Amino acid sequence: MILSVRSLALTCALGALGAALTACGGPVGPPVARQGHHAPATSAAPSRPPTLAPGPAGLTPVFKNGPRTQGKTVALTFDADMTADEGPRAAAGEHFDNPRLIATLRAFKVPATVFMTGRWADEYPREARDIGQDPQFEIANHSYSHYAFTGDCYGLPTVSEDTMRADVERAYAAFERAGVRNAMPYFRFPGGCYDQRSLRTLSSVGVTAVQWDVISGDAFATDADAVARQVLDGVRPGSVVVMHCTRSAAPVTERALRTIVPELRKKGFRFVKVSQLIGASAGQH
């Protein structure tokens, strides 16, 4: 959920002032999928989304990229960063969605993973449901409020330790309320900020934390070519690219995609969802 380090700092700082990034629409389903991860193996096990095994001391596992040696695959991810306190801005006409970007992904037949805040799903339930029902996409959790899970995260407001799990569960409830099913058991920390405490606190939720290894720099960018070049220069086999799909905070992302997608395909890359990269990684172990 953020681009260049400088862009990340700027984005999150603005988020702290009530201008946090917003993103494309992306639905996520209910907590059932996450619970299934801990259930005993059954005949339905193959259909469950792949996750990583818990880290040391049972901490929430963190995924940053897929295997580098299993073909030229890349996962495009899009963060929907609408914060808990941005309702008045949406009511005043600010657009925290980006239907055109979703349409472009569909036209290019590019699968993608959307990390959505629960607040976004509450604001755009029809779009959340539409994306969630499209097999081309998968929806994952980006918290409800888009508040930081560490004490120092680029100026973002913070979630207290005793409400971290509730914030994640509240997002899943918002997705379900919007009519989204089959939520993925993946979570992206707001600002990408986490520590031992937050990983320990969320371990009981049963999610895999998903970071990235390629920062697109699309937050508040005005040069689509620069965004495209930053992605094209950074992608390696197994990469996870972090982008945004919102009209207000990432206005040139859709245009950048029109360059990124054909150029990566020319280089032999195949687009996959995060779940496919995690599945490949889990298979290595």
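**Helix packing and strand pairing in the predicted model**

Helix 9 crosses helix 10 in a right-handed manner. The contact draws on Ala224, Val227, Ala228, Val231 and Leu232 from helix 9, and on Arg255, Ala256, Thr259, Ile260, Glu263 and Leu264 from helix 10. By residue class, this contact comprises 8 nonpolar, 1 polar and 2 charged residues. In this predicted model, helix 9 spans residues 224–234 and helix 10 spans residues 253–266. The two helices pack at an angle of about 35 degrees, and their axes lie 8 Å apart.

Strand 3, formed by residues 112–116, is mostly covered, with 5 of its 5 residues buried. Ala112, Val114 and Met116 point to one side of strand 3, whereas Thr113 and Phe115 point the other way. Residues on both sides are buried.

Strand 3 pairs with strand 2 in the parallel sense over 4 bridges. Within this pairing, aspartate 79 is located opposite phenylalanine 115 of strand 3. Strand 3 also pairs with strand 4 (residues 137–141), again in the parallel sense, over 5 bridges. Here valine 114 has isoleucine 139 of strand 4 as its bridge partner.

Strand 2 covers residues 73–80 and includes threonine 73. Threonine 73 has a relative accessible area of 8% and is therefore buried, the cut-off being under 20%. When residues up to four places away in sequence are not counted, threonine 73 touches Arg236, Pro237, Gly238, Ser239, Phe269, Arg270, Val272 and Leu277.

Definitions and conventions:
Residues are numbered from 1 along each chain as its sequence is written. This is a predicted model: local features need pLDDT of at least 70, side-chain atom pairs count only at pLDDT 80 or more; totals for chains, interfaces and linings use all residues. Side-chain values use heavy atoms; hydrogens and water are left out. Axes are lines fitted to C-alpha atoms, for helices over the stretch in contact, and angles run from 0 to 180 degrees between N-to-C directions. A crossing is left-handed if the near helix is turned anticlockwise from the far one by less than a right angle, and right-handed if clockwise. Contact means heavy atoms within 4.5 Å. Ala, Val, Leu, Ile, Met, Phe, Trp, Tyr, Cys and Pro count as nonpolar, Asp, Glu, Lys and Arg as charged, and the others, Gly among them, as polar. Buried means under 20% relative accessible area, exposed over 50%, partly exposed in between (1.4 Å probe, protein chains only). Two strands pair if DSSP finds at least two bridges between them.
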